[in-house]
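Colleague: I would like to learn how to read strands and helices in a model. Could we go through one together?

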Amino acid sequence: MNANPNPPPWQKDIFQAIKDAGVQQVAYVPDAGHAYVIKSAIADPEITDVALTTEEEGVAVAAGAWLGGQRAVLLMQSSGVGNCINMFSLLSAADIPFVTIVTMRGEYAEFNPWQAPMGRATQAAMELMGIHVMRVRRPEDAQEVVSAALDGAFMAGARIAVLIGQDVIGRKKWERK
């Protein structure tokens with residue numbers, strides 16, 4: 001996970017929305033699209049960063065945080081959503097607020113065919129599990145959309161996924177050897 005030393009403003013905006021909402025735990029599987037937020041959470045003494053071995057652990061972290069009186073956010077890539085389907089049932093069964101911020105793969109300029117099926121299924125899978133989906137469609141909307149999702153979860157008890165499209169994140173660039 002290499003963080004850009006000069007990340008786009010939308011990445012800083014997402015971290016600011018997380019801070020403004022009083023989030024105390026950030027769970028993640030390392031991902032370049034979330035690198036700035038992850039590194040910022042690690043550096044922030046008011047946030048406990050939780051590195052995961054698989055994304056479904058993050059659903060449990062978020063549930064445990066809420067039951068313990070804290071707010072948590074799960075950061076993941078769309079390819080990890082399929083790993084979480086069974087755990088999402090915990091959220092509705094226990095009526096636990098939830099926010100995940102998902103960087104999308106399998107969309108704009110995707111070079112890896114392995115990413116396409118889950119990229120196409122991410123929104124529908126979330127919705128089938130009772131999770132409301134919001135999308136960041138333009139970089140300048142990132143803070144507002146994430147802030148709205150955090151308010152919807154922590155003030156109204158909703159379960160929300162914010163999907164950040166590849167067209168916002170930018171093309172993946174791999175060096176050929």
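Modeller: This is a predicted model.

Colleague: With which strand does β5 pair, and in what sense?

Modeller: Strand β5 (residues 132-136) pairs with β6 (residues 159-164), in the parallel sense and over five bridges. On this side, valine 133 is the residue opposite alanine 161 in β6.

Colleague: What do β5, helix α6 and β6 make?

Modeller: They form a β-α-β unit, and it is right-handed. The helix in that unit, α6, covers residues 142-154.

Colleague: In what order do the strands of the open sheet stand?

Modeller: Read across the sheet, the six strands come as β2-β1-β3-β4-β6-β5, with parallel pairing. β2 (48-51) and β5 are at the edges with a single partner strand each, so one side of each has no neighbour in the sheet. On average, neighbouring strands are turned by 20° against each other, direction ignored.

Colleague: Which strands does α2 lie across?

Modeller: Helix α2 lies across β1 (25-28), β2 and β3 (72-77), and runs at about 135° to β1.

Colleague: At what angle do α1 and α2 pack?

Modeller: Look at the angle and at the distance between the axes. Helix α1 (residues 9-20) packs against helix α2 (residues 35-43) at about 40°, and their axes are 8 Å apart. The two helices are therefore oblique to each other. Their crossing is right-handed. Gln11, Lys12, Ile14, Phe15 and Ile18 of α1 meet Tyr36, Val37, Ser40 and Ala41 of α2. Sorted by class, this contact has six nonpolar, two polar and one charged residues.

Colleague: How do the axes of α1 and α6 cross?

Modeller: They cross at roughly 25° and come within 8 Å. Angles under 35 degrees count as roughly parallel, so α1 is roughly parallel to α6. This crossing is right-handed. Among the residues in the contact are Trp10, Asp13 and Ile14 of α1, and Val146 and Leu150 of α6. The classes here are seven nonpolar, three polar and two charged residues.

Note on methods:
Residues numbered from 1 in each chain as written. Predicted model: local features only at pLDDT ≥ 70, side-chain atom pairs only at ≥ 80, totals over all residues. Heavy atoms only, no water. Axes fitted to C-alpha atoms, helices over the stretch in contact; angles between N-to-C directions. Helix = DSSP H or I, 4+ residues; strand = E, 2+ residues; numbered from the N terminus. Parallel < 35°, antiparallel > 145°, perpendicular 65-115°, else oblique. Left-handed = near helix turned anticlockwise from the far one by under 90°. Contact = heavy atoms within 4.5 Å. Nonpolar A, V, L, I, M, F, W, Y, C, P; charged D, E, K, R; others polar. Pairing = 2+ DSSP bridges. Right-handed = clockwise from strand over helix to strand, strands pointing away.
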